[in-house]
Amino acid sequence: GMHSDLFDRVVLPLRHKLFRFAFMLVNSRPEAEDIVQDAMMKLWIKKNDLSKIGNIEAWSMTITRNLAHDHLRKRKSRSSSGLLPEEIKTLAATEGTSLEFNEKLNHVHRCIDLLPGKQKQAVFLRDIEGHSYKEISDIMGIDENLVKVTLFRARDNLRKRILKIENYGL
């Protein structure tokens with residue numbers, strides 16, 4: 001019916017985006033896949049309310065973020081077993097570009113990975129996924145001005161780290 005149409009048209013195409021977001025947060029492919037499955041289930045269950053939701057994408061991202069945080073909380077209580085953290089993976093390896101460019105990109109991704117949680121999320125949502133401040137504010141559940149401050153701090157942090165890499169090859 002009409003509701004599953006909306007789900008197919010709007011929610012399903014978000015899968016890859018939700019996966020990238022989940023992967024950025026938990027840094028593990030299998031866990032990110034679980035999170036997206038869970039998110040899709042939640043969204044499917046709510047499919048009759050989708051038409052009432054202003055920004056389905058931001059709402060889906062918020063659900064994904066909350067699920068990822070649950071995973072991370074569970075992981076903290078497990079981590080005494082020494083299974084984690086999983087090695088840092090880069091989000092995007094650009095094919096067909098020079099090795100030097102790849103190295104730089106990997107450095108940037110590594111630097112993003114080292115940012116504090118909120119800064120990392122904000123940079124990912126803004127610079128990698130291209131969300132508006134308003135959307136990021138909805139997804140992260142923080143005020144729009146705080147989004148801007150967080151991004152400013154994150155970029156400042158990144159700039160320092162990246163300069164350090166270029167100067168000392170760290």
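**Group meeting talk: an all-helix predicted model**

The protein has eight helices and zero strands. Helices here are DSSP runs of H or I with at least four residues, strands are runs of E with at least two, and both are numbered from the N terminus. Read along the sequence, the pattern is α-α-α-α-α-α-α-α.

Some ground rules. This is a predicted model, where local features need pLDDT of at least 70, side-chain atom pairs count only at pLDDT 80 or more, and totals for chains, interfaces and linings use all residues. Residues are numbered from 1 along each chain as its sequence is written, and side-chain values use heavy atoms, with hydrogens and water left out.

Confidence next. pLDDT is the predictor's confidence in each residue, from 0 to 100. The mean for the protein is 79. Of its residues, 76% reach 70 or more. Where does pLDDT stay under 50? Over residues 80-97. The model has 29 contacts beyond four places in sequence for that stretch. A contact means heavy atoms within 4.5 Å. Where pLDDT is low, the predicted coordinates should not be read in detail.

Now the overall packing. The protein has 170 residues, and 40% of them count as buried. Buried means under 20% relative accessible area, exposed means over 50%, and partly exposed is in between, with a 1.4 Å probe and protein chains only. Take the contacts with a separation of 6 or more: 66% of them join residues 24 or more positions apart.

On to the core. A nonpolar core is a set of buried Ala, Val, Leu, Ile, Met, Phe, Trp, Tyr and Cys residues joined through side-chain atoms within 4.5 Å. The largest one has 41 residues. Which members touch the most others? Val11, Phe21, Leu50, Val123 and Leu125. Each of these helices supplies at least two core residues: α1 (2-11), α2 (15-26), α3 (29-45), α4 (56-78), α5 (99-114), α6 (117-128), α7 (133-140) and α8 (144-168). The largest share, eight residues, comes from α2. In soluble globular proteins, nonpolar side chains tend to be buried together.

Look at valine 11. Setting aside residues up to four places away in sequence, valine 11 touches Leu6, Met40, Leu43, Leu50 and Ile56.

Lysine 17 is in helix α2. Is lysine 17 buried or exposed? Lysine 17 counts as buried because its relative accessibility is 17%. Beyond four places in sequence, lysine 17 contacts Glu57, Met61, Glu129 and His131. Asparagine 27 sits in the loop between α2 and α3. Its phi is near 55°, a positive value in a residue other than glycine. Asparagine 27 has a relative accessible area of 13%, so this residue is buried.

Tryptophan 59 is in helix α4. Its relative accessibility is 25%, so tryptophan 59 counts as partly exposed. Leaving out neighbours within four places, tryptophan 59 contacts Leu43, Lys46, Leu50 and Ile53. Tryptophan 59 and isoleucine 139 are 80 residues apart along the chain, yet 6.7 Å separates their C-alpha atoms.

Threonine 62 also lies in α4. At 18% relative accessibility, threonine 62 counts as buried. Beyond four places in sequence, threonine 62 touches Asp138 and Ile139. From threonine 62 to glycine 141 is 79 residues in sequence and 8.1 Å in space, C-alpha to C-alpha.

Which residues of α7 are buried? Glu135, Ile136, Ser137, Ile139 and Met140.

Last stop, a pocket. The method uses a 1 Å grid over the protein atoms alone. A pocket is an open set of points with protein on both sides within 12 Å along at least five of seven lines; a cavity is a set where a 1.4 Å probe fits but cannot get out. Lining residues have an atom within 4 Å of a point. Points are joined across faces, edges and corners, and a volume is the space filled by probe spheres set on them.

The second largest pocket holds about 170 Å³ of space. Its lining residues include Met24, Arg65, His69, Pro116 and Lys120. Helices α2, α4 and α6 each supply at least two lining residues. The most come from α6, with four.

That brings me to the end.
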